[in-house]
Amino acid sequence: MMNDEEKIVTDAQVRNKTLLSMLFLLVFFAGAVTGWKWLHKQPKDEGAPRPLRNALIANELIFENIFSNNHTAKTFSKKSAVPRVRVNGDAGMSEDFDPSSWKLEVIRNVNDTLRLSLDEIKALPKTEIIFDFKCIEGWSQVTHWGGVRFSDFVKKYGLDEQAKLQFTGLVTPDMEYYVGIDTKSMMHPQTLLCYEMNGAPLPMNQGYPLRLIIPVKYGVKHIKRIGSLFFSSQRPKDYWYERGYDYYCGL
Amino acid sequence: MKKIIKKHPLAIRWFHWLNFPILAVMIWSGLLIYWANDVYRVGWGDKTILKFFPDTFNKALNIPYRLAEGMSLHFFFMWLFAINGILYFLYLLFSKEYKLIFPNKNSFKEAWLVLLHDLHIKKGLPPQKKYNAAQRIAYTGIIIMGFFMLLTGLAIYKPVQLYWLCAMLGGYEWARAEHFIFTILFVLFFLVHVIQVILAGWNNFRGMVTGFEVIKPSGSPGLSETNNLTETIILNDE
């Protein structure tokens, strides 16, 4: 009559097995709650509990493997670009900035800084891009930008050796906002040193005279009003990284 | 003396109970992330019936201004959710448990009868094995939903590197909306699931903890429909 899925047991056996299993489930949930509390008590590493920071770094190591210059952000037609571009964040945009004396500082080496005017940068071939700009907050907007491909810039100014270093750092003139980006992403064909928005010079609140447009990253990396840039084998400091966000922010 | 019958294998109980806290953390961290751009609502034109989420909800749960924390949690626990789900799916395939869960050719017809029965419109149920037709559809549906969560999540996580996936799901903004809608469906599934488990009673719940169910001797007083079902299982297995 009976198959092997069935058994006859005493009431006590049923009770004991049930108690034991229930106890185990209780211990399991207590463990989960304890683990959760433990996680939040861990020392912070750049604003994130250390285990979570390690996970973000591990994710970077995993997902940078699928990064390719052949993977490009989808581009759109000019008429899809919004006329009014959202302005987010004003760190590094101090009031006392004097654009007339601005020059881009490219730190090639210790005591070897290249200073370039906007006209010198504009003399390089112009590249335009209309893409879906993605903010780390979750919104996105199709916007139209123009500037010099960073890879063209590196070639023109003979920065090939420096560009072999793993990271690039960019800082605003007042040093209040700063980003660190893996140089691979900087050399992506859609990454621009940007001086135009919607076919006109960058507005002041969008980073005049020069900002970064890097479609393979969230908006936080598209630093406005670049003062200086440098290359490094170490991670340059990064404003939002210090506040608990992922360093890589790669899309 | 009692007669017991094996119900859920140990592996399935582990996958099930592990998924509970993992999914809870995924939904919680998802709320922290979503808050930074909380644009979804139910309504038309200027009329909003339900905003996701009302300010009182966000304030009560202390959700605002925790985007960084939400992202770091989400991008850690996503691995646990994915691994647990994939192992569960592989286990179903290799243990042949899937035969008890995936709908068969009668399930879609029978699920209707189960629904009418559960709503107390109609008495009696078609014969079933471990799960009835409605459960088969629901539990298979949740596996597909979990898989879809991974896909939509990946699409908004790496929309440039996985541009083809993002395009397949209707683009970046659609993928984000889908990820959100499926989370809501997950929560609704959870609510219905808990209600059903409460209605089914202790013996059924114990099955997911201990792995066995007790079969009451037939003809004894207090014989319920659940026991009739268990009887059917035995008959079918013979």
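Let me begin with a definition: two strands are taken to pair if DSSP finds at least two bridges between them, and strands (E, at least two residues) and helices (H or I, at least four residues) are DSSP runs numbered from the N terminus. What we have here is a predicted model, in which local features need pLDDT of at least 70 and side-chain atom pairs count only at pLDDT 80 or more, while totals for chains, interfaces and linings use all residues. Residues are numbered from 1 along each chain as its sequence is written, and chains are lettered from A and ligands numbered from 1 in the order in which they are written.

I will start with the sheet that involves both chains. This open sheet has 3 strands in the order β1(A)-β1(B)-β4(B), with antiparallel pairing. At its edges stand β1 (6-9) of chain A and β4 (212-215) of chain B, and because each has a single partner strand, one side of each is left without a neighbour in the sheet. Within it, β1(A) and β1(B), the latter covering residues 2-6, pair in the antiparallel sense over 4 bridges, and A:Val9 has B:Lys2 as its bridge partner in β1(B).

Turning to chain B itself, we find 10 helices and 4 strands, which follow along the sequence the pattern β-α-β-β-α-α-α-α-α-α-α-α-β-α. Strands β2 (residues 41-44) and β3 (residues 47-51) of chain B pair in the antiparallel sense over 4 bridges, with B:Leu50 in β3(B) as the bridge partner of B:Val42. These two strands, β2(B) and β3(B), form a hairpin with 2 residues between them, and B:Gly45 in the turn has a positive phi of about 55 degrees.
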